[in-house]
Amino acid sequence: MTETKYLAYCWIARGDRVLFLRRAPGVFLSGRWELPGGTVEPDEDFEAAAIREVVEETGLKVQVTGELSRTAWPDVAGRAMEIHGFVYTVEEDGAGDVVLNPEEHDDFAWLTTEEARKLEMAQHFRRLL
């Protein structure tokens with residue numbers, strides 16, 4: 001039986017630059033870059049999950065303004081799981097400083113899409129660029 005997992009991410013832009021986070025050593029997909037976001041908890045609204053994950057991972061406060069993309073893919077670790085990912089456009093509630101959760105990420109960068117294309121990241125993020 002195939003399990004389903006839902007992920008919600010945010011496209012946080014400042015001008016022509018978007019916030020990307022690098023996964024910390026020792027965590028799944030260590031060293032890869034991604035948008036802020038993560039797992040939607042059971043019975044949690046997808047947009048609420050995206051906002052919660054941004055706060056947990058960056059300390060930034062955002063409001064969802066729209067849906068940028070949605071896609072699905074098989075689990076990259078080979079488990080019997082289908083992943084459904086949603087990416088939301090957001091506006092910041094003020095331009096705060098990024099404060100990373102070191103248990104999840106060890107670096108961040110505000111990048112143009114051209115700069116981001118040069119980074120190692122999962123295919124579902126690369127397709128957005």
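At 1% relative accessibility, His105 counts as buried (buried means under 20% relative accessible area, exposed over 50%, partly exposed in between, with a 1.4 Å probe and protein chains only). The model is a predicted one, in which local features need pLDDT of at least 70 and side-chain atom pairs count only at pLDDT 80 or more, while totals for chains, interfaces and linings use all residues. Residues are numbered from 1 along each chain as its sequence is written, and side-chain values use heavy atoms, with hydrogens and water left out.

**His105 and strand E8**

Select His105, which is found in strand E8; strand E8 covers 105–111. Helices (H or I, at least four residues) and strands (E, at least two) are DSSP runs, numbered from the N terminus. Display Glu34 next: a polar contact of 2.6 Å joins its side chain to that of His105. A polar contact is a pair of N or O atoms within 3.5 Å; within protein, one must be able to donate a hydrogen and the other to accept it, and residues adjacent in sequence count only if both atoms are side-chain atoms. Leaving aside neighbours within four places in sequence, His105 is in contact (heavy atoms within 4.5 Å) with residues including Leu21, Arg22, Glu57 and Leu100.

**Thr58 and helix H1**

Move to Thr58 in helix H1. Thr58 is buried, at 0% relative accessibility. A polar atom of its side chain lies 2.6 Å from the backbone oxygen of Val54. Beyond four places in sequence, Thr58 touches Leu19, Leu21, Pro36, Asp97, Val98 and Val99.

**The nonpolar cores**

Which residues have the most contacts inside the largest nonpolar core? Select Phe20, Leu35 and Met121, which hold that place in a core of 18 residues. A nonpolar core is a set of buried Ala, Val, Leu, Ile, Met, Phe, Trp, Tyr and Cys residues joined through side-chain atoms within 4.5 Å. Strands E1, E3, E7 and E8 are the elements that give two or more residues to this core. A second, separate core has 16 residues, among them Ala8, Leu21, Phe86 and Val90. In soluble globular proteins, nonpolar side chains tend to be buried together.

Centre the view on Leu35. Not counting residues up to four places away in sequence, Leu35 touches residues including Tyr9, Trp11, Phe20, Val87 and Phe125.

**Ile83 and strand E7**

Ile83, in strand E7, is buried, with a relative accessible area of 5%. Outside four places in sequence, Ile83 touches Lys5, Leu7, Thr71, Ala72, Trp73 and Asp75. For a distance across the model, select Arg14 as well: Ile83 and Arg14 are 28 Å apart, C-alpha to C-alpha, and 69 residues apart in sequence.

**Two positive phi angles**

Select Leu29, in the loop between strands E3 and E4. Its phi is near 60 degrees, a positive value in a residue other than glycine, and Leu29 is partly exposed at 28% relative accessible area. Asp43, in the loop between E5 and helix H1, also is not a glycine and has a positive phi of about 65 degrees. Is Asp43 buried or exposed? Asp43 is exposed, with a relative accessible area of 86%.

**The largest pocket**

Finish by selecting Leu7, Tyr9, Phe28, Leu29 and His124, which lie nearest the centre of the largest pocket among its 24 lining residues. By class, the lining has 10 nonpolar, 5 polar and 9 charged residues. Strands E1, E4 and E5 and helix H3 each supply at least two lining residues.

Note on methods:
On a 1 Å grid over the protein atoms alone, a cavity is a set of points where a 1.4 Å probe fits but cannot get out, and a pocket is an open set with protein on both sides within 12 Å along at least five of seven lines; lining residues have an atom within 4 Å of a point. Ala, Val, Leu, Ile, Met, Phe, Trp, Tyr, Cys and Pro count as nonpolar, Asp, Glu, Lys and Arg as charged, and the others, Gly among them, as polar.
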